[in-house]
Amino acid sequence: MSMMNTSPEIQEKPAPTDEQVEDELCLLDLEDADSLLLHVQELVSQHLDEFPDDQIDDEAAKYAAKMTKASITEGTRDGHLRIIKHYITFHLRRNQKWDAKRVDEKTPHDITTFITQKCGPAEQGFEGRKYSTAVSTRAALTMWYKNLRPNESLTEWRLDSVTNTWRGLPTRSRIVSQFMVGLEKTKAKSGEVSSSARALALEDIHRLYKHCVDQDLTVAQRRAGIIRYVAYLLAWLMLLRIDEVIKLRFENFDKIPGERRYIDISLNTRKQNQTGLLHSWRLHANDGDPMICPVRAFILLASLYGPEIKKTGPLFLHVTAQGAVMQSQPLTASALSRSLSRDLQGLGYSSWALYGTHSFRRGGCQYRIKVKRWSADMVAAWGGWSQVEAVTMFRYFYSPNDNHEFMHDYDRNK
């Protein structure tokens with residue numbers, strides 16, 4: 001009599017489809033665009049010679065200059081204005097009836113057509129500019145369409161079925177994202193270095209600790225520095241972007257009184273995971289490296305907040321110039337991003353503009369792989385990533401901007 005196998009069958013999950021992978025690549029493209037947008041002026045300034053300001057030689061160019069000046073708010077950098085003027089002039093010379101203020105289903109194609117003219121292969125009659133020119137152009141055109149429609153959402157591009165109008169920013173459309181992903185791959189095959197945000201390595205986190213916490217600072221500076229550093233450290237340890245870490249609340253933390261070995265952190269949802277499933281981390285004390293010890297970081301934060309701050313609501317709070325902690329004013333993602341730029345400049349980083357909202361996630365991934373010797377599946381599980389996200393997460397482990405100054409030691413025999 002044969003024995004029946006009553007053990008449950010293991011259902012193997014199907015491999016991600018090409019469409020799912022493409023969706024994830026488009027999402028990463030938008031995240032990279034958001035990250036680089038904070039420092040785009042530095043990118044734009046590197047390419048101004050590709051958008052000369054002396055092309056006022058026909059009616060189209062004159063009209064473009066006039067329209068740009070009238071439509072863009074004061075304070076916009078000259079570099080962005082020059083790119084926008086070239087964009088309008090390019091289309092008016094192709095079609096005199098083209099409307100620069102029209103925003104519809106054709107607008108994403110207008111954007112990719114112009115970027116193709118600038119960055120397409122020279123042997124095919126285009127200008128052959130680098131991928132960073134495409135990034136700068138996209139950012140400038142984001143500003144153009146934000147100014148045209150200031151009340152639109154900055155995070156989407158969709159057709160409103162009720163009004164039959166397109167809402168959001170055309171630079172965030174799937175058409176533009178697919179184009180940028182393809183262009184980046186094409187440029188990479190030809191040996192061009194990507195403009196992805198650079199990773200923050202362990203040594204960078206150590207320097208940020210010393211800069212924000214462990215140096216001669218005023219009381220107000222050290223208070224603000226502690227809050228910034230705890231946010232930096234959690235983003236790095238938990239593989240979060242700045243806009244994710246800034247959403248952490250007191251309610252997300254489960255710290256057992258007297259327990260000094262670890263802290264538990266739980267989130268209901270991640271931006272990438274909208275299933276509503278709980279994702280949690282257990283961050284252990286690090287006696288071997290106190291500067292990246294999460295328990296010590298929380299002790300610093302608890303000492304700073306004291307009994308005056310109610311342990312509810314946003315975790316990271318604004319500190320005034322006088323050193324007062326304002327529970328009614330949570331720290332914002334844009335403020336923390338600007339602070340990171342200032343901190344890196346204060347440390348003397350000439351390449352500070354290469355670091356952005358993704359730098360903590362990239363650096364945290366590389367730390368887990370290179371220093372802690374985790375496997376890729378451990379990193380994916382720790383980050384709470386889906387199978388599709390795991391397929392594309394190699395770009396977090398490696399960027400052409402990362403750590404090439406150490407390459408001469410790679411083959412050293414020990």
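A residue is termed buried when its relative accessible area is under 20%, exposed when that area is over 50%, and partly exposed in between (1.4 Å probe, protein chains only). The model is predicted: local features need pLDDT of at least 70 and side-chain atom pairs count only at pLDDT 80 or more, whereas totals for chains, interfaces and linings use all residues. Residues are numbered from 1 along each chain as its sequence is written, and side-chain values use heavy atoms, with hydrogens and water left out.

Within α12, the residues A335, L336, S337, S339, L340, S341, D343 and L344 are buried. These buried residues pack against α8 (202-212), α9 (219-238), α10 (242-245) and α13 (359-371), a contact being heavy atoms within 4.5 Å. Just after α12, G348 adopts a positive phi of about 90°.

Strands β6 (residues 317-319) and β7 (residues 325-330) run antiparallel and are joined by three bridges; pairing requires that DSSP finds at least two bridges between two strands. H318 stands opposite M326 in β7. The two strands form a hairpin with five residues between them, and G323 in the turn has a positive phi of about 95°.

Over the protein, the secondary structure comes to 16 helices and seven strands. Of the 414 residues, 49% count as buried. Among contacts with a separation of 6 or more, 67% involve residues 24 or more positions apart.

Technical notes. Helices (H or I, at least four residues) and strands (E, at least two) are DSSP runs, numbered from the N terminus.
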